[in-house]
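Work through the exercises below with the structure open. Try each task before reading its solution.

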Amino acid sequence: MRFLKLLIPLCFLSASAQAQIVFGQNRNTSPSNISINYSSPKEFEIADIVVTGVQFLDNNALISLSGLKVGDKIKIPGDEITSAIKKLWKQGIIGNISIRASKIEGNQIWLEIELTERPRLTKYEIEGVTRSQKTELEDDIELVRGKILTDVVIKNTEISVKKYLEGKGFLNAKVNVVEQSDTVVRNSAILRIKVDRGKKVKIQDINFLGNKNFSDVKLRGKMKTTGELVRFDLPSAILSTSVRLLNPANTAYFLTHKDTVDQQGFMDQVAQHVKLNFFKAAKYIKSDYSDDKQLVLDFYNSQGYRDAELVYDSVKLVDPKHLTVNISVSEGKKYYFRDISWTGNFIYDDETLDRVLGVEKGDVYDLELINKKLNYDPTGIDIGSLYMDNGYLFFNVNPVEVRIEEDSIDVEMRIYEGAQATINKVTISGNEKTSDHVIRRELRTIPGQKFSRAELIRTQRELSQLGYFDPQKVNPVPTPNPADETVDIEWQLEEQPNDQIELSGGWGGYYGFVGTLGVSFNNFSLRKAVGLKAFPPMGDGQRLSVRAQANGRRYQSYSISFSEPWLGGKKPNSFGVSYTYSVQRFLNQNYETTGSLKVQGVTLTLGRRVKWPDDFFVISNSIGFLKYDLFRFGNRLGFSTGDANSITFNTTIARRSSDNPMYPQRGSDLTLSMNFTPPYSLFNDVDYETAPAEEKFKWVEYHKWNFDAKYYLPIVEKLILAPRLHFGFIGGYSEEAGIGPFERFVLGGDGLTGQNFLLGTDLIGLRGYPNPQSSIGRSNSVTPYDFENSVFGGTLFTKYVLELRYPVSLSPTATIYALTFVEGGNNWIDFSQYNPYDIKRSAGFGVRIFMPAFGMLGLDYGYGFDPGFGETDPAGSQFHFSIGQQIR
């Protein structure tokens with residue numbers, strides 16, 4: 001066989017690739033029949049194209065990418081082969097390219113594209129970082145096994161690692177991504193990401209230049225994420241002044257001699273040198289720094305300095321660990337509003353619009369405030385809500401500066417009111433488990449009604465509160481149709497898991513270790529439970545809960561409950577039923593029962609939403625029956641052996657306007673609960689002065705009142721102030737019968753029934769004080785012992801709480817927030833002892849973690865400043881663990 005080979009060098013390719021074209025022919029083909037020279041290219045027709053050397057790539061796709069196809073006429077030498085190689089190389093997935101002529105007959109040519117694939121990733125290793133950083137990097141760099149290792153992939157990996165490290169403050173980090181052949185898997189490679197983090201670089205100083213009206217401290221405070229190192233470096237002159245102020249006489253002189261002592265100047269000097277930065281990191285992150293510069297400019301604009309600008313800024317390394325930021329400011333002139341006029345308004349007159357806008361002549365010029373009052377003000381009414389809540393969806397307003405004279409600006413509000421929009425179609429998407437009717441019954445955006453922005457926002461909040469969907473992703477999407485004056489609304493939702501499993505254990509004092517197992521299906525479907533086609537049956541918004549606690553024979557508690565929020569499916573009338581059974585036993589050394597208390601009960605509840613005084617109110621009514629069976633139980637409940645029965649009628653009036661059940665940021669929750677038993681003492685013939693306790697308490701009677709108020713006030717961003725007030729009172733119907741031993745208030749500790757095991761009592765937590773003990777002389781908590789009636793627990797309590805909360809994570813998979821608190825409360829045997837100012841005080845901090853599978857978990861540290869009943873020393877340090885949402 002004779003071979004004629006022609007190599008065409010490809011100088012445009014990089015050194016790492018090789019590309020060539022080789023033409024060969026059969027021995028029986030006379031070379032004289034082929035005439036190829038560079039000065040006179042010959043034209044051939046492609047008879048066939050084959051691809052060799054690939055393992056994972058598709059042959060037909062590669063031929064298509066080359067731009068060559070059977071039947072094409074190409075010149076050799078010519079641009080077609082060069083172009084084909086360029087196109088294949090451009091994809092970044094080929095290592096070597098060689099185009100071969102396997103056969104030539106006449107003017108027909110058979111081409112073979114011989115390729116070498118780039119290696120695929122089998123694994124990667126990250127060196128030089130901590131274990132937690134490695135875990136976070138693995139999520140960031142997006143490398144997966146089997147991915148083709150192109151130059152772009154390797155470069156992007158390097159960039160991602162560097163960006164991550166810069167976000168952690170390692171501005172001098174070096175990253176080297178090394179590709180190594182995998183000797184085990186053919187045509188594969190291992191990436192070794194070698195990191196040298198270097199020293200962490202932090203911002204030592206942020207200095208402002210040219211700022212005459214606002215101090216550096218003020219401007220630094222407007223930066224959201226960029227901060228300085230915490231520092232306390234007072235000059236000696238200021239320190240000596242501060243030391244002198246420790247003398248009370250000098251302090252008085254400092255405060256009274258205003259003419260001779262520059263108090264404000266002194267405090268400004270202190271502020272400049274004392275840099276306390278607890279909420280912002282001293283890391284330099286370029287994107288965050290750019291956003292913070294804009295926040296500084298926005299602050300200037302909000303103070304009337306509309307011409308303010310940041311002239312320049314510089315970031316300089318002071319040493320390998322620290323840098324300094326300098327920002328030059330040109331403040332400009334301060335402006336004020338003069339005349340504000342309205343045009344295009346026909347629905348509302350100028351006076352009404354002026355009143356809603358709330359800007360007076362002479363007010364500081366603040367365009368940001370104007371835009372908020374025109375379009376959307378979350379703290380109150382605005383011009384936009386005035387129109388859009390009345391159906392004017394197409395409304396818009398444009399503030400225009402029409403005149404500027406010296407420091408005064410005239411603004412004209414140009415309004416387009418448009419027509420009222422009617423809701424046309426309402427669609428729902430993303431509800432993979434929850435039935436459409438469960439969502440639609442909560443909607444306030446109904447086809448045929450006028451559009452209302454307030455109802456849209458209200459619906460968004462109420463869908464978020466259902467707990468079935470991610471509150472951050474409940475997204476209403478209005479699509480206006482100006483042609484027919486309608487609007488379509490799509491509710492985009494994303495389901496989140498909200499069933500809960502409780503698996504926990506705790507120490508119950510005398511009862512030892514007590515285990516708890518419970519499950520709650522919060523979006524249950526009784527309808528789908530028939531036939532059990534799927535488990536658990538979900539989607540109809542019902543709730544089914546089953547819970548069990550046990551410690552062998554000493555303590556056992558079982559409960560099951562079911563609720564339907566829309567009984568009948570047409571109106572928001574709720575129905576609920578529950579059953580509980582609990583038993584406490586005293587055992588001797590042979591585990592024989594020497595005493596016990598058994599409590600079992602059933603409750604039926606009906607509730608409904610009402611529209612007066614407003615439509616945030618809910619009224620529920622219930623009837624419950626409890627049976628107490630005591631056997632040698634001591635005097636904890638007033639008698640030792642016997643039965644007691646309780647039939648209770650309850651009415652609860654609640655107003656709930658909080659925006660999120662897990663981490664409320666605004667709104668309030670108010671609840672008044674009233675419990676009444678029949679007044680047996682008014683019509684029975686029992687002599688309460690001489691009758692034994694088991695006869696007096698055979699039918700339990702009392703009236704019980706509880707009031708709970710919770711408010712949620714945003715301080716800055718997501719920092720929430722949450723004040724709470726709780727009050728409870730139990731009364732009797734006659735002086736002879738008095739107040740019985742059941743349902744008394746037991747105050748102190750974490751308030752968990754599962755940890756205190758005091759059946760027949762109402763437990764209220766008070767952090768900083770121990771969990772109650774019902775034995776005489778062992779209370780140690782904020783709960784009195786009624787020696788006259790031999791009963792543990794009070795008939796009246798108050799509790800005040802002030803919490804400051806800040807979220808760590810608001811993810812639907814784990815809502816976490818930290819809190820600090822001060823609280824106080826007390827418990828009295830009767831009303832004659834009541835003193836609202838006599839409270840047991842405490843303070844501390846804690847954390848709350850909500851996970852859909854386990855519910856709300858809490859851990860608190862509290863310090864009690866006052867002694868409990870029967871104690872002389874303060875309660876001191878206490879740790880508290882809580883499960884579930886605490887009512888009080």
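The model is predicted.

**Exercise 1. Find what the side chain of N211 reaches, and list the contacts of N211 beyond four places in sequence.**

Solution. 
- Step 1: look for a backbone partner. The backbone oxygen of F214 is 2.9 Å from the side chain of N211.
- Step 2: look for a side-chain partner. N211 and D216 are joined through their side chains by a polar contact of 2.8 Å.
- Step 3: With neighbours within four places in sequence set aside, N211 contacts D216, L219, Y300 and E331.

**Exercise 2. Describe the surroundings of E502.**

Solution. 
- Step 1: assign the element. E502 belongs to strand β20 (residues 500-507).
- Step 2: E502 has 15% relative accessibility, so E502 counts as buried.
- Step 3: list the contacts. Neighbours within four places in sequence aside, E502 touches T516, L517, G518, R547 and I883.
- Step 4: take one of these, G518. E502 and G518 are 16 residues apart along the chain, and their C-alpha atoms are separated by 4.7 Å.

**Exercise 3. Characterise the packing of helix α1 against helix α2.**

Solution. 
- Step 1: read the values. Helix α1 (residues 59-66) packs on helix α2 (residues 79-90) at about 125 degrees, and the axes are 8 Å apart.
- Step 2: classify the angle. This value makes α1 oblique to α2.
- Step 3: name the residues. From α1 come L62, L65 and S66, which meet A84, K87 and L88 of α2.
- Step 4: sort them. The contact of α1 with α2 holds four nonpolar residues, one polar and one charged.

**Exercise 4. Trace the pairing of β23 with β22 and with β24.**

Solution. 
- Step 1: take the β22 side. Strand β22 (residues 542-551) pairs with strand β23 (residues 555-564) over nine bridges, in the antiparallel sense. Opposite S545 stands S561 in β23.
- Step 2: inspect the turn. The hairpin of β22 and β23 has three residues between the strands, and G552 there takes a positive phi near 60 degrees.
- Step 3: take the β24 side. β23 and strand β24 (residues 573-587) run antiparallel and are joined by 10 bridges. F562 stands opposite V577 in β24.

**Exercise 5. Which strands stand at the edges of the three-stranded open sheet, and which helices lie across β8?**

Solution. 
- Step 1: set the order. The sheet runs β6-β8-β7, with mixed pairing.
- Step 2: find the edges. β6 (120-127) and β7 (174-181) each have a single partner strand, so one side of each lacks a neighbour in the sheet.
- Step 3: From one strand to the next, the twist averages 20 degrees.
- Step 4: check a pairing. β6 runs parallel to strand β8 (residues 188-196), with seven bridges between them. The bridge partner of E127 in β8 is K194.
- Step 5: Helix α3 (residues 131-141) lies across β6 and β8, at about 145 degrees to β6. Helix α4 (residues 151-167) lies across β7 and β8, at about 145 degrees to β7.

Technical notes:
Residues are numbered from 1 along each chain as its sequence is written. This is a predicted model: local features need pLDDT of at least 70, side-chain atom pairs count only at pLDDT 80 or more; totals for chains, interfaces and linings use all residues. Side-chain values use heavy atoms; hydrogens and water are left out. A polar contact is a pair of N or O atoms within 3.5 Å; within protein, one must be able to donate a hydrogen and the other to accept it, and residues adjacent in sequence count only if both atoms are side-chain atoms. Contact means heavy atoms within 4.5 Å. Helices (H or I, at least four residues) and strands (E, at least two) are DSSP runs, numbered from the N terminus. Buried means under 20% relative accessible area, exposed over 50%, partly exposed in between (1.4 Å probe, protein chains only). Axes are lines fitted to C-alpha atoms, for helices over the stretch in contact, and angles run from 0 to 180 degrees between N-to-C directions. Angles under 35 degrees count as roughly parallel, over 145 as roughly antiparallel, 65 to 115 as roughly perpendicular and the rest as oblique. Ala, Val, Leu, Ile, Met, Phe, Trp, Tyr, Cys and Pro count as nonpolar, Asp, Glu, Lys and Arg as charged, and the others, Gly among them, as polar. Two strands pair if DSSP finds at least two bridges between them.
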